[in-house]
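Trainee: I would like a close look at one part of this protein. Please take me through the disulfides.

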Amino acid sequence: MLRPLAMAAPNGWVYIEVIAPDFRFLFLGLLGLLSAAMAWKSRGAPAIIWALAGFTVVAFVPWLITTGNGRYFIPVLVLGGILCVAFVHRLPVTRSLRVTLVLVMIAVQGVAVLQNNPWGPWNAWGLFEWRQPPYYPLELDAQAREQPATYVTMSVITYSLVAPLFPKESRWINLSSLAGAEDATPDLVRAQALLRSAERLRIFLPSMPSSSTFDGRPNAAVVKRIGQFLQLHQLAFARGGEGCRLLPMREQTQGLRGADAAEAPERTEPEQPDAAKPYPRAGFWVCEGRYAPQAPVAPDTFPPVDPRYLEALTVLERSCPRLFPAGQKKVVPLPSGVLRHYASADMKVYVFTDGTVYYKYHRALNFVSVGTVDKLLAPGFTMSCDEVPGRSGLPWDRGI
């Protein structure tokens with residue numbers, strides 16, 4: 001009931017990534033009450049306005065039960081401003097007062113936006129702001145410019161600003177959301193079909209100059225580690241590191257804003273390659289890949305997972321299905337334990353080798369201890385699902 005008030009708080013965290021306080025639904029609630037109270041002397045709001053207002057109220061329920069993240073509520077967030085103006089338009093007051101009320105609402109929301117400037121470096125995902133394309137100045141070679149391929153990416157961040165630089169016939173697929181999928185999931189079946197039918201597979205990943213050979217290719221350690229991840233998706237490097245090449249970033253400041261461009265370092269001529277030093281330029285590695293459904297898994301790909309760890313995760317999923325949705329079979333191995341990422345709930349659970357179990361909500365600062373594996377597997381285990389730091393409660397009493 002108090003969610004509209006919480007969204008207007010300076011630290012409301014309407015979105016998982018930025019604070020972005022939003023006054024529209026506070027205004028909408030007040031205008032709805034005012035319109036209902038003055039219905040006897042007003043023109044009365046049309047049925048469509050009340051229907052949309054009712055839909056908005058109902059839509060809050062599944063949103064808050066699931067993520068509460070504004071990025072999954074965009075259509076209703078847009079509708080909120082429209083409804084505010086619609087209710088003001090039907091108030092039995094003078095035209096000038098109606099215009100004034102709308103301007104006041106815009107001004108209040110505008111101040112909130114300015115206080116959390118989405119175009120500033122601290123409130124945006126981008127490190128720099130470009131004024132004109134290309135937004136990602138890669139130096140593409142002739143093969144990348146002219147030869148369509150199926151590009152496989154692995155990181156969570158999308159490469160939607162890079163893809164338009166390549167031939168439009170190229171296809172792109174990301175593996176990050178499939179890491180914990182079961183064999184029978186529709187997404188995984190479609191992904192495997194695409195990979196199996198690809199005539200030309202290319203593994204596409206950001207380069208790491210500190211882990212590069214002198215000519216810019218990934219070193220043996222990177223090839224081994226990435227290859228282990230690819231095996232989980234029935235993929236492999238076609239020719240190891242020999243089949244990789246670097247598409248470097250073009251060194252320029254043309255697209256940056258004035259202040260950023262003034263602070264950018266002057267371009268200097270790169271040093272001659274030295275076999276004893278990593279290649280200095282950053283960019284993206286493009287490696288020849290192949291579909292390998294029968295590829296043998298190296299013995300040291302991932303150490304065997306203690307079955308009790310998986311049982312402990314199952315107990316959590318059964319105890320708080322809203323926070324830890326069931327349906328995953330795999331975990332991400334860590335040097336000190338295992339991790340399972342519940343992306344739909346913005347939640348991660350860690351089971352460490354010392355037997356301790358923690359969860360962490362994306363918006364929270366600290367890990368939360370659940371107990372030990374022994375405690376979770378003991379009969380009668382219960383946990384509170386309504387006291388999640390960073391998520392539960394109103395902004396002014398919400399823990400971090």
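Trainee: Are cysteine 244 and cysteine 287 buried or exposed?

Mentor: Both cysteine 244 and cysteine 287 are buried. Buried means under 20% relative accessible area, exposed means over 50%, and partly exposed lies in between (1.4 Å probe, protein chains only). A note on the model comes next. It is predicted, so local features need pLDDT of at least 70 and side-chain atom pairs count only at pLDDT 80 or more, while totals for chains, interfaces and linings use all residues. Residues are numbered from 1 along each chain as its sequence is written, and side-chain values use heavy atoms, with hydrogens and water left out.

Now the bonds. A disulfide here is a pair of cysteine sulfur atoms within 2.5 Å. That rule gives two disulfides.

Cysteine 244 and cysteine 287 form one, with sulfur atoms 2.0 Å apart. This pair joins distant parts of the chain, 43 residues apart. Cysteine 244 sits in strand β5 (residues 244-248), cysteine 287 in strand β6 (residues 283-291). Strands (E, at least two residues) and helices (H or I, at least four) are DSSP runs, numbered from the N terminus. The S-S torsion of cysteine 244 and cysteine 287 is about 110°, so this disulfide is right-handed.

Cysteine 320 and cysteine 385 form a disulfide too, with sulfur atoms 1.8 Å apart. This pair also links distant parts of the chain, 65 residues apart. Cysteine 320 lies in the loop between α10 (307-319) and β7 (332-334). Cysteine 385 lies in the segment after α11 (373-377). The S-S torsion of cysteine 320 and cysteine 385 is about -80°, so the disulfide is left-handed. Cysteine 320 is buried, at 1% relative accessibility. Cysteine 385 is buried as well, at 17%.

Counting bonded cysteines along the chain, the pattern is 1-2, 3-4.
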